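Work through the exercises below with the structure in view, and try each task before reading its solution.

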Amino acid sequence: MKVSTKGRYALRLMLDLAMNNTGENISIKAVSARQGISTKYLEQIISMLNRAGFVKSERGSGGGYRLAKKPEDYTVGMILRLTEGSLAPIACIEEEENQCPRFNQCATVDVWKKINNAINNVVDNITLADLVEEQNSKSNNFII
């Protein structure tokens, strides 16, 4: 599994919204400046997040975006699956009912299943709230 820039940036965007979750709307321009990601690319990603109901948007003066739920209600897996689709390392284990004719005779399928289970276990057990806490601890480690 390789996460694209869209997946990585979506996670950073959601983390930025969670870190700056004051109840006020946050502009894409502000996120772009903080994250060093182009505004145009963030607009594409936020549109996807908005359609999925992950964020709320408001137009006009004071408009922008904010999380639709609390940071603890989002997992890394939810965000990555929205942007990346399946997180399975190979196609033959993406679906519940496997279509591969070699499935029952394939010794390697168990390796792929274990990798898939490990990936899902990690991404489904880390929330945005966990990432906020981790980011805060990293930010507080600077020695001035």
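**Exercise 1.** In this predicted model, find how α1 and α6 are oriented where they pack, and which residues meet there.

*Solution.* We begin with the geometry: the axes of α1 and α6 lie 9 Å apart and form an angle of about 75 degrees. Angles of 65 to 115 degrees count as roughly perpendicular, so α1 is roughly perpendicular to α6. We then turn to the residues, where Leu11, Met14, Leu15, Ala18 and Met19 of α1 meet Leu128, Leu131, Val132, Gln135 and Asn136 of α6.

**Exercise 2.** Check whether the length of α6 agrees with its number of residues, and describe the start of this helix.

*Solution.* The helix α6 has 12 residues, and at 1.5 Å a residue these should span 16 Å. Because the C-alpha atoms at its ends are 16 Å apart, the two values agree. At the start of α6, a side-chain oxygen of Thr127 comes to within 3.3 Å of the backbone nitrogen of Ala129.

**Exercise 3.** Decide whether Ile46 is buried or exposed, and list what it touches beyond four places in sequence.

*Solution.* Ile46 is located in helix α3. Since buried means under 20% relative accessible area, Ile46, with a relative accessibility of 1%, counts as buried. Once residues up to four places away in sequence are set aside, Ile46 touches Leu13, Leu17, Ile28, Val55 and Tyr65.

**Exercise 4.** Name the residues that touch the most other members of the largest nonpolar core.

*Solution.* This core has 28 residues, and those with the most contacts to other members are Leu13, Met14, Leu17, Leu49, Ile79 and Leu128. Among the helices, α1 contributes the most to the core, namely eight residues.

Methods. Residues numbered from 1 in each chain as written. Predicted model: local features only at pLDDT ≥ 70, side-chain atom pairs only at ≥ 80, totals over all residues. Heavy atoms only, no water. Core = buried A, V, L, I, M, F, W, Y, C linked by side-chain atoms within 4.5 Å. Buried < 20%, exposed > 50% of the residue type's maximum accessible area, 1.4 Å probe, protein only. Helix = DSSP H or I, 4+ residues; strand = E, 2+ residues; numbered from the N terminus. Expected span 1.5 Å × (residues − 1). Polar contact = N/O pair within 3.5 Å; in protein donor to acceptor, adjacent residues only side chain to side chain. Axes fitted to C-alpha atoms, helices over the stretch in contact; angles between N-to-C directions. Parallel < 35°, antiparallel > 145°, perpendicular 65-115°, else oblique. Contact = heavy atoms within 4.5 Å.
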